Amino acid sequence: MTRRFWVFIEQEVGTMHPVAGELLGVAQRLVTEISDELEASGEEAIVEGILIGCEVEDVARNAIEHGAERVYMVDDTAFEHYLNRPYTEAITNLVRKHKPEVFLIGATTLGRDLAGAVATSLKTGLTADCTKLEMGPIRKAQGKYLLATRPAFGGNVIATIVCKDFKPQMATVRPRVFESPKRDPKAKGEIVREDFKVTPDMLAAKLVEFIQEEQTQLNLEYADVIVSGGKGLGKADGFNLIKELADELGGVVGSSRAAVDGGWIEYEHQVGQTGKHVRPKLYIAAGISGAIQHKVGMQDSDYILAINTDPNAPIFEIATLGVVGDLYEVIPEMLKQLRAKKGAQA
Amino acid sequence: MIHLLVSVKQVPDTTNIRIDPETGSMIRKGVPAILNPYDAHAVAAAAEWKRKLNGKLTVITMGPPAAEIALKECIEMGADRGVLISDRKFAGSDTLATSYVLAEAIRKIHEEDPLDLIFFGKQAIDGDTAQVGPGAAIRLGLPLITYAVEIREINQTEGYALIVRKTERGREIIKTTLPAVLTAEKAIAEIPYASLPDLINSLRYEPENWSAEEPLAYDVDKVGLKGSPTWVAKSGSPEAHEPAETIIVAKEGLSTTVEKVLDNMLANNSVASIWEEIK
């Protein structure tokens with residue numbers, strides 16, 4: 001029997017969401033974690049992508065170049081726009097046919113809409129927003145299972161969830177929790193076309209209009225530099241200074257939940273367990289105390305600079321370097337020195 | 001008459017959770033229980049439409065007996081009827097088992113008094129899974145609209161609603177047949193101040209109590225730990241970290257501090273690589 005590790009290849013308008021690549025990387029690692037079992041049983045394991053859409057063959061290629069050994073593709077005009085019910089039915093149908101062991105889905109807006117519906121249709125277990133995934137042993141059972149670890153209670157508790165008696169073992173993962181494997185243009189894989197007929201009863205909810213957001217995409221998750229502000233800013237205007245530093249560093253503005261709850265900045269900027277998970281090269285946290293819910297979302301950053309007046313702020317526990325001081329003094333001085341440095345080198 | 005229903009959850013206020021510094025475990029005692037914020041906005045939206053269309057609003061919750069406080073809060077916001085589904089047999093239910101309990105209750109309410117629109121909050125702030133609303137929609141075989149930010153129209157006569165949902169790329173206007181299930185973002189409605197009659201109602205109101213047997217006989221194999229495919233294999237506190245090196249402005253002076261910060265940052269390969277691009 002072949003042990004199948006599935007990844008949902010999320011795409012919109014013919015572009016693969018980067019989280020699909022990240023999950024293909026995870027699935028490849030999971031397969032290596034059961035190599036002892038495969039050797040003992042003589043079974044094989046395979047990483048497969050599940051792709052639904054309209055004219056998405058390029059996306060299938062992209063998935064293969066990120067590590068999918070096979071892609072099951074439902075390519076039909078009925079799937080031009082994402083709709084919960086037709087997608088749920090098509091995927092449920094594929095799962096019943098091929099019986100995967102593990103099924104990973106990106107915890108994006110689309111993926112979260114889909115995953116709960118698919119898992120309920122299949123009456124199997126689903127663990128949301130995992131921050132760690134492994135194949136390992138569990139108590140009172142033979143063999144290895146998916147160990148899905150996630151924060152709960154706003155990040156105050158870290159729990160490892162298992163689904164022993166049902167397949168597939170499903171999990172969602174936020175973008176940027178894992179790193180994407182490098183694209184390999186020489187990678188070989190098979191594209192298998194699957195048919196699925198959308199019937200009128202699946203179209204009880206229909207898209208009548210799509211309004212593209214006017215503002216340019218923030219793309220917080222994939223930014224290299226993020227400058228974030230929190231409660232310590234004291235006022236909504238404080239984000240002007242945050243923005244100035246972000247601009248100087250070619251980065252974008254992030255925030256803590258407190259600043260969003262306070263109405264100082266839109267939710268799109270929120271970093272943390274209930275906001276965006278980020279892993280930039282440089283993260284500057286200004287006036288953010290570092291509640292666990294925030295730290296969960298940014299602790300994978302390469303370099304974290306924390307600026308806070310409180311020497312005991314928890315943000316210093318995960319910072320690379322901390323500055324105890326007033327951000328309204330420190331940031332203007334940083335701007336001044338950064339500009340001088342740029343000038344000197346120009 | 002239009003009939004709306006909101007499924008709500010009472011949750012610990014996760015922004016107020018503290019960790020015992022000795023044991024590293026969560027201190028549950030003294031953490032206030034609140035109506036899940038997304039659910040509160042869903043109730044506000046439903047109450048608005050109930051008033052507009054002169055209809056009826058039912059709220060349900062699954063939880064311990066104390067969760068009736070959350071229902072009273074919904075009555076305060078304008079709900080007419082509250083149902084508390086509470087039984088020790090439900091303890092340990094994961095999202096799949098919870099969606100079964102709630103969907104069956106909704107089905108029963110719908111049989112007696114047909115529903116037009118069913119609301120969930122987009123997620124609960126304790127688990128943050130966003131799975132129960134979609135799960136209930138699937139179990140009920142109803143159309144699902146997640147991340148709803150606006151209800152444009154509810155047309156009971158013609159049996160449809162226009163709902164705006166927010167996605168990562170923009171906004172979608174969805175036309176759905178009724179009844180339907182939506183999950184609400186906070187933007188769906190502002191939380192209003194309670195009116196005096198609603199406030200008085202809520203003080204006197206006693207929610208209905210449903211158990212695992214009455215008035216609905218649940219399949220006990222589908223609820224609680226037994227009915228839950230997922231188990232918690234282990235849980236603990238997040239890893240502790242060593243405090244970082246800190247520079248104190250009051251000691252070093254502002255310009256020296258910042259000089260040191262920039263030197264330290266640029267000595268890091270990742271930061272240096274960005275600096276190469278932007279300088």
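Two strands pair if DSSP finds at least two bridges between them. Keep that in mind for the exercises below, which use a predicted model.

**Exercise 1.** How many bridges join strand S10 of chain A to S14(B), and which way do the strands run?

*Solution.* Start with S10, which covers residues 157-163 of chain A. Next, count its links to S14(B): there are 6 bridges. Pairing takes at least two bridges, so these strands pair. Then check direction: they run antiparallel. To see one link up close, find A:Ala159, whose bridge partner in S14(B) is B:Ser235.

**Exercise 2.** Work out which element of chain B gives the most to the side that touches chain A.

*Solution.* First get the overall picture: 74 residues of chain B are in contact with 76 residues of chain A. Now look at the elements that each supply at least two residues to chain B's side, including helix H3 (95-112), strand S14 (230-236), helix H7 (254-266) and helix H8 (269-278). The top contributor is H7(B), with 9 residues. Finally, sort chain B's side by class: you get 35 nonpolar, 25 polar and 14 charged residues.

**Exercise 3.** Find the domains of chain A and describe how they touch.

*Solution.* Begin with the bounds: domain 1 spans 2-203 and domain 2 spans 220-345 in chain A. Their C-alpha centres lie 33 Å apart. Now for contacts: 9 residues of domain 1 of chain A meet 9 residues of domain 2 of chain A. On the domain 1 side, those are 4 nonpolar, 3 polar and 2 charged residues.

**Exercise 4.** How far apart do the C-alpha centres of domain 1 and domain 2 of chain B lie?

*Solution.* Locate domain 1 (3-222) and domain 2 (249-278) in chain B. Their C-alpha centres lie 49 Å apart.

Terms used: Residues numbered from 1 in each chain as written. Chains lettered and ligands numbered in written order. Predicted model: local features only at pLDDT ≥ 70, side-chain atom pairs only at ≥ 80, totals over all residues. Domains from an automatic or database assignment. Contact = placed C-beta atoms within 7 Å. Nonpolar A, V, L, I, M, F, W, Y, C, P; charged D, E, K, R; others polar. Helix = DSSP H or I, 4+ residues; strand = E, 2+ residues; numbered from the N terminus.
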